[in-house]
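Open the model in your viewer and keep the selection panel at hand. The tour moves from stop to stop, with a selection at each one.

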Amino acid sequence: MFLDNFHQVQDGRISISAEQASRFAKQVAGDYNPIHNPDARRFCVPGDLLFALVLSKFGLSQCMTFHFRSMVGAEVALDFQEHDDGVIRVTDDQGKVYLDVERRGEVTHDEDVIAPFTRRYVAFSGKNFPHYLKPLMQAHGVMFNPQRPLVIYDSMGFSLDRLDVEDPGLQLDDSTFEVLGKRGEAMLEFGLTACGQNIGRGSKKLVVSGLRDYDTAAMDEIVCEFYRLKAAYETAL
């Protein structure tokens with residue numbers, strides 16, 4: 001199982017170290033957001049790793065909706081449970097909810113289907129910045145604080161017509177950005193294909209905090225730093 005190196009299980013609970021979370025972000029998602037660096041002051045586990053663990057544990061359903069309620073820190077003991085109301089919740093020992101998942105339709109537990117689907121989605125999701133968010137923010141004349149860039153994974157969902165596809169394609173179909181004062185909400189619509197045929201659709205919502213006027217020089221510096229970190233990490237592998 002490709003997720004074995006990115007978490008550990010003890011007494012039925014899952015925990016994720018800062019190093020594991022950082023490796024998942026970079027190696028699987030291609031995400032170099034500094035908030036996933038082990039030494040980050042506001043470090044958090046990538047939401048896409050929680051997403052991947054849910055699919056691994058509970059299977060892939062035809063329709064699923066994920067709501068990310070709070071950021072997960074390093075080494076937090078997490079309980080992944082399906083409750084009587086049918087909702088899967090990820091909580092800590094104090095009952096704090098970090099993620100809840102609604103699902104319906106048929107379910108597959110076939111690893112040959114789940115693993116490629118997970119990798120495809122996570123690689124798509126890892127392109128949030130700069131690939132998708134930068135042009136959206138630029139078009140609206142806003143950007144996040146260069147000193148404290150904060151992009152929060154709010155929610156995502158998808159609906160699949162079939163579950164027997166072992167190597168789906170996934171591409172961005174549309175994107176929108178809404179400015180709400182100092183806060184921005186980005187919606188990314190994506191489609192899933194197999195052998196040139198549409199087999200599903202989905203969307204994800206991101207929240208950008210601390211909006212300010214777009215600064216081309218500052219944004220160019222952030223993008224350059226992103227690719228510098230990416231090149232440095234790949235060279236070190």
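## Stop 1: Asparagine 128

Select asparagine 128: leaving aside residues up to four places away in sequence, it touches Leu133, Leu188, Lys204 and Leu206. Keep in mind that this is a predicted model. Asparagine 128 belongs to helix H4. Is asparagine 128 buried or exposed? It counts as buried, because its relative accessibility is 14% and the cut-off for buried is under 20%.

## Stop 2

Now extend the selection to the whole of helix H4, residues 128-140. Helix H4 lies across E8, E9, E10 and E11. Its direction runs at about 40° to E9.

Zoom in on phenylalanine 129 and proline 130. The peptide bond that joins them is cis, with omega about 5°. Proline 130 is itself found in helix H4.

## Stop 3: The sheet

Select the strands under the helix and colour them by number. Which order do the strands of the open sheet follow? The order of the eight strands is E4-E5-E6-E3-E8-E11-E10-E9, with antiparallel pairing. At the edges are strand E4 (79-82) and strand E9 (169-180), and each of these pairs on one side only. From one strand to the next, the twist averages 20°.

## Stop 4

E9 and E10 pair in the antiparallel sense over 11 bridges. Serine 175 stands opposite leucine 188 in E10. Leucine 188 is also one of the residues touched by asparagine 128.

Next, go to the turn. E9 and E10 form a hairpin with two residues between them. Glycine 181 sits in that turn and has a positive phi of about 70°.

Move on to the next pair. Strand E10 (residues 183-194) and strand E11 (residues 197-208) run antiparallel and are joined by 11 bridges. Pick leucine 192: its bridge partner in E11 is glycine 200.

## Stop 5: Helix H1

Select helix H1, residues 18-28. How many of its 11 residues are buried? Eight are, and the helix is mostly covered. The buried residues are Ala18, Gln20, Ala21, Ser22, Phe24, Ala25, Lys26 and Val28. Their cover includes E1, E2, helix H2 (47-58), H3 and helix H5 (216-236). Glycine 30 follows H1, and its phi is positive, near 65°.

## Stop 6: Two positive phi values outside glycine

Select aspartate 11, in the loop between strand E1 (8-10) and strand E2 (13-15). Its phi is near 55°, a positive value in a residue other than glycine. Aspartate 11 counts as exposed, because its relative accessibility is 70% and the cut-off for exposed is over 50%.

Then jump to glutamate 75, in the loop between E3 and E4. Glutamate 75 is not a glycine either, and its phi is positive at about 65°.

## Stop 7: The enclosed space

Turn to empty space. Rolling a probe the size of a water molecule over the atoms shows where such space is left.

The count comes to one cavity of 30 Å³ or more. The largest cavity has a volume of about 70 Å³.

## Stop 8: The largest pocket

Finish at the largest pocket, which holds about 990 Å³ of space. Which of its 42 lining residues lie nearest the centre? Select Asn33, Pro34, Ile35, Pro149 and Val151.

Colour the lining by element next. H2, H4, E8, E11 and H5 each supply at least two residues. Then colour by class: the lining has 24 nonpolar, nine polar and nine charged residues.

How values were computed:
Residues are numbered from 1 along each chain as its sequence is written. This is a predicted model: local features need pLDDT of at least 70, side-chain atom pairs count only at pLDDT 80 or more; totals for chains, interfaces and linings use all residues. Side-chain values use heavy atoms; hydrogens and water are left out. Two strands pair if DSSP finds at least two bridges between them. Helices (H or I, at least four residues) and strands (E, at least two) are DSSP runs, numbered from the N terminus. Axes are lines fitted to C-alpha atoms, for helices over the stretch in contact, and angles run from 0 to 180 degrees between N-to-C directions. Contact means heavy atoms within 4.5 Å. Buried means under 20% relative accessible area, exposed over 50%, partly exposed in between (1.4 Å probe, protein chains only). On a 1 Å grid over the protein atoms alone, a cavity is a set of points where a 1.4 Å probe fits but cannot get out, and a pocket is an open set with protein on both sides within 12 Å along at least five of seven lines; lining residues have an atom within 4 Å of a point. Grid points are joined across faces, edges and corners, and a volume is the space filled by probe spheres set on the points. Ala, Val, Leu, Ile, Met, Phe, Trp, Tyr, Cys and Pro count as nonpolar, Asp, Glu, Lys and Arg as charged, and the others, Gly among them, as polar.
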